[in-house]
Amino acid sequence: MTEPQPTLMLLHGLGATGEVWNPLINVAAWPGRVLAPDLRGHGSSNWSASYSFGEMAADVATLLSSNEDYVVLGHSMGGAVGAALATGFFGHLPRAVGMIGVKLQWSEEELRRLPDIAAKPSRLFDTRGDAIEWFLKLSGLAGVLEPDDSSLERGVERTEQGWRVRQDPKSVLVVTGSPPFSELLNGLSAPISLALGEHDPLVAPEHHNDLPCAPPRVFKGLGHNAMVEDPALVWDWFLEVTNRI
């Protein structure tokens, strides 16, 4: 890529916050601007009456100037938000989008359960430690990060009623109403590259068979949060992605 370096936009997955990218940011030492926002309904961002990949993409677009050069690396839900940005409907196109661990197939039973999950109030806990444990489970980071890791700081908050995770339960509805990924990815105006961990329980290489893009990179030995488990490996892959543009 030519100088100056584009802005690096890092988009987290469902249940997490932008802090999940801290290990990768440290490895990358990106010389340009780096943005790792909390998407709506997560962390320090406001809760909303509705959630969709498009609405989140619109939120992200407000962080960029009208002609700001940028690349996107998104994890899970954040990868889908990156794909929405690549449609060109939300302003200036990214130069490239990397998508890690995006759940591409949803069963009817999974979709049917989402409204019930969304309707449940946030769980309250007596201690921050208990809330952190719940946050780790919701974000898929249990067993990946230790409870005292600084990357979990924005994941929980203390309220008058007790400690709770800073994720709006309704944010799980982000996937409802979205077109199948085989259709969504067919209409993109920016190049995309997909990847997943070998042991990711949410997505498998064969789920990519009908997609209009190259086969995904599979990170051997890694799970859903590959960018936390081995940030150097994931970063090397994303550098390959950006070097193609």
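Which residues is Phe53 in contact with, leaving aside its neighbours within four places in sequence? I looked it up and found Met77, Ala80, Val81, Ala84, Val174, Val175, Ser178 and Phe181. Contact here is heavy atoms within 4.5 Å.

Ground rules, before I go on. I'm working with a predicted model, where local features need pLDDT of at least 70 and side-chain atom pairs count only at pLDDT 80 or more, while totals for chains, interfaces and linings use all residues. Residues are numbered from 1 along each chain as its sequence is written, and side-chain values use heavy atoms, with hydrogens and water left out.

**Cores**

I checked the largest nonpolar core next, and it has 38 residues. Phe53 turns up again: with Met99 and Phe181, it has the most contacts inside this core. Buried means under 20% relative accessible area, exposed over 50%, and partly exposed in between (1.4 Å probe, protein chains only).

Among the elements that each supply at least two residues of this core are β1 (7–11), α2 (53–61), α3 (77–85) and β7 (192–197). I read helices as DSSP runs of H or I with at least four residues and strands as runs of E with at least two, numbered from the N terminus. The largest share, six residues, comes from α3.

There's also a second, separate core of 34 residues, including Leu24, Trp30, Phe125 and Ile132. I jotted down a general point too: in soluble globular proteins, nonpolar side chains tend to be buried together.

**Rings**

How many aromatic pairs are there? I got four, pairing rings of Phe, Tyr and Trp (its six-membered ring) if their centres lie within 6.5 Å; planes under 30 degrees apart are stacked, over 60 edge-to-face, and the rest tilted. Trp30 and Trp235 are an edge-to-face pair, 5.6 Å centre to centre with 85° between the planes. Trp30 lies in the loop between α1 (22–28) and β2 (34–35) and Trp235 in helix α8 (residues 231–243), so this pair ties together parts 205 residues apart in sequence. I found both Trp30 and Trp235 buried.

Trp237 and Phe238 make a tilted pair, at 6.3 Å and 50°. Trp30, Phe219, Trp235, Trp237 and Phe238 form one aromatic cluster.

**One from the outside**

Lys137, in helix α5 (residues 128–138), is exposed, with a relative accessible area of 57%.

How values were computed: Core = buried A, V, L, I, M, F, W, Y, C linked by side-chain atoms within 4.5 Å.
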